[in-house]
Amino acid sequence: MIRDADILSLLLARRPDHSLERAFYTDPAVFDADMRTLYYRDWLMAAASAELPKTGAFVKLEIGAYSVLIVRGADGMARAFHNSCRHRGSRLCSADKGSNPKLVCPYHQWTYELDGRLLYARDMGPDFDASKHGLRPVHCREESGLIFVSLAEVAPDFTKMAAQLKAYVGPHGLAKTKVAFQSTITENANWKLVLENNRECYHCSGSHPSLCRTFNDDPNLVGADDSMSSPVGAAHVKRCEEAGLPAKYVVDAKEQWRFVRIPFLGNAVSYTMDGKAAVSRRVGSVPFDNAGTCLFFHYPNTWNHFLSDQGLIFKVMPVSPTQTQVTTTWLVHADAVEGVDYDLDRLTEVWLHTNDEDRRIVEENQKGINSPAYTPGPYSQNQESGVIQFIDWYVTAMLDRLSGRASIAAS
């Protein structure tokens, strides 16, 4: 059994710019440490605001051992609660999503208001105080059409990321969108392999024929400043900024999140097979069709693409050491009509193809790492700088928290 001290030793011995030791992708004890130190402490992408379109709408989120409900209250506010009745612990909701005027436990019908207050508990006697038995809350923040939750006792600071969400994602008007389609797949691979694969396009030309019709895989397209960007990338950022659309590369001091706006290939304006818009109604206040894609990453569980005609949200939830659930949500203008303003197959085909291709890639990656013959290999400084950045963040976060240097404790 690998202990936390053993994990620390492996992290300290890691060769820079190399993949991790086999245990980090296969071992149950390391998986448990990942959940305890990252997924149970950090802000996690939970849902799009559009998934909770009205009072009583809810989404269930499984985060390792925890089941969480995100609910839209009568006051319009999104709140999150542990999906466990305060009576004898039964799950309140088994469905992944739905809508209810109240939250009612199916076991003994204890009934809760949408803000978590206990309203009804039959035959509990005159001394029973309902006010002491409301649902246990989970930290929840809604910003620019995105909902995040944190299981931590004290949630990490959200203010800096919130400001950048307003600036970069705000113009896309996600609060006035609707869910056109949602896909959830299970990838038989460790969650870090899913993130690593996303953080590079070294594999794209050989694996993603649909995506590469529009996605520019130049690793130097847009950098931290114009001198690090290609002429095409720098020109795109300049054009967007001059139009009042934030586009420059911005990153968290700990490199946990980042925003940047990059152009598509040539005259493309969306992720479609012909590069033309997938939806005729532009979202939010994006000033032109060829605004490229605004990329937003937040470790450990999300990457996103925000375009002039749609929003794409990717949510990563670990299931086991070698299983990861990936949910993709396509958002379109709230008034867009399927069959009139967009064709659903055309809207989704590129990323449905790409997601399935990525699933096969990371599953083969996992199978190779499962072999005792696997040894960590070097990353490409040019093509895999994003992977290096992600793994460096992971190693630093794990070292800090497992060694007790972090102050945030999981609930």
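Residues are classed by relative accessible area as buried (under 20%), exposed (over 50%) or partly exposed (in between), with a 1.4 Å probe and protein chains only. The structure is a predicted model, in which local features need pLDDT of at least 70 and side-chain atom pairs count only at pLDDT 80 or more, while totals for chains, interfaces and linings use all residues. Residues are numbered from 1 along each chain as its sequence is written, and side-chain values use heavy atoms, with hydrogens and water left out.

Helices (H or I, at least four residues) and strands (E, at least two) are DSSP runs, numbered from the N terminus. Helix H8 covers residues 344–370. At 1.5 Å a residue, its 27 residues should span 39 Å, and the end C-alpha atoms are 38 Å apart, which agrees; the expected span is 1.5 Å times one less than the number of residues. H8 bends by about 30° at Val350, the bend being the angle between axes fitted to the seven residues ending at a residue and the seven starting there. The N-terminal end of H8 is capped by Asp343, with a side-chain oxygen 3.3 Å from the backbone nitrogen of Asp345. Glu363 also belongs to H8 and counts as buried because its relative accessibility is 12%. Contact means heavy atoms within 4.5 Å. With residues up to four places away in sequence not counted, Glu363 touches Thr186, Glu187, Asn188 and Ala189.

In helix H4 (residues 159–169), the buried residues are Met161, Ala162, Leu165, Tyr168 and Val169. These residues lie on the same side of H4 because they cover an arc of only 145° around the axis, the arc being that of the directions from the helix axis to the C-beta atoms. An α-helix has 3.6 residues a turn, so residues three or four places apart point the same way. Lys160 and Lys166 are exposed and sit on the face of H4 turned away from its buried side. The packing partners of the buried H4 residues are strands S9 (137–143), S10 (146–150), S12 (250–251), S13 (257–262), S14 (293–298) and S15 (302–306).

An unreviewed UniProt entry lists residues 43–149 as "domain: Rieske"; UniProt positions are given in the numbering used here, feature names are shortened, and annotations may be inferred rather than shown by experiment. This span is 0% helix and 42% strand, and its end C-alpha atoms lie 5 Å apart. Arg72 lies in strand S3 (residues 66–72) and counts as buried because its relative accessibility is 8%. Among the residues that Arg72 touches, residues up to four places away in sequence not being counted, are Ser49, Leu52, Met77, Leu114 and Glu142. A polar atom of the Arg72 side chain lies 3.0 Å from the backbone oxygen of Gly76. The C-alpha atoms of Arg72 and Ser144, 72 residues apart along the chain, are separated by 16 Å.

Most residues other than glycine have a negative phi, and most peptide bonds are trans. Asp123, in the loop between strand S8 (118–120) and S9, has a positive phi near 55°. Asp123 counts as exposed because its relative accessibility is 68%. Glu255 lies in the loop between S12 and S13 and has a positive phi of about 60°. At 33% relative accessibility, Glu255 counts as partly exposed. Tyr299 and Pro300 are joined by a cis peptide bond with omega of about 15°, and Pro300 lies in the loop between S14 and S15.

Note on methods. Polar contact = N/O pair within 3.5 Å; in protein donor to acceptor, adjacent residues only side chain to side chain.
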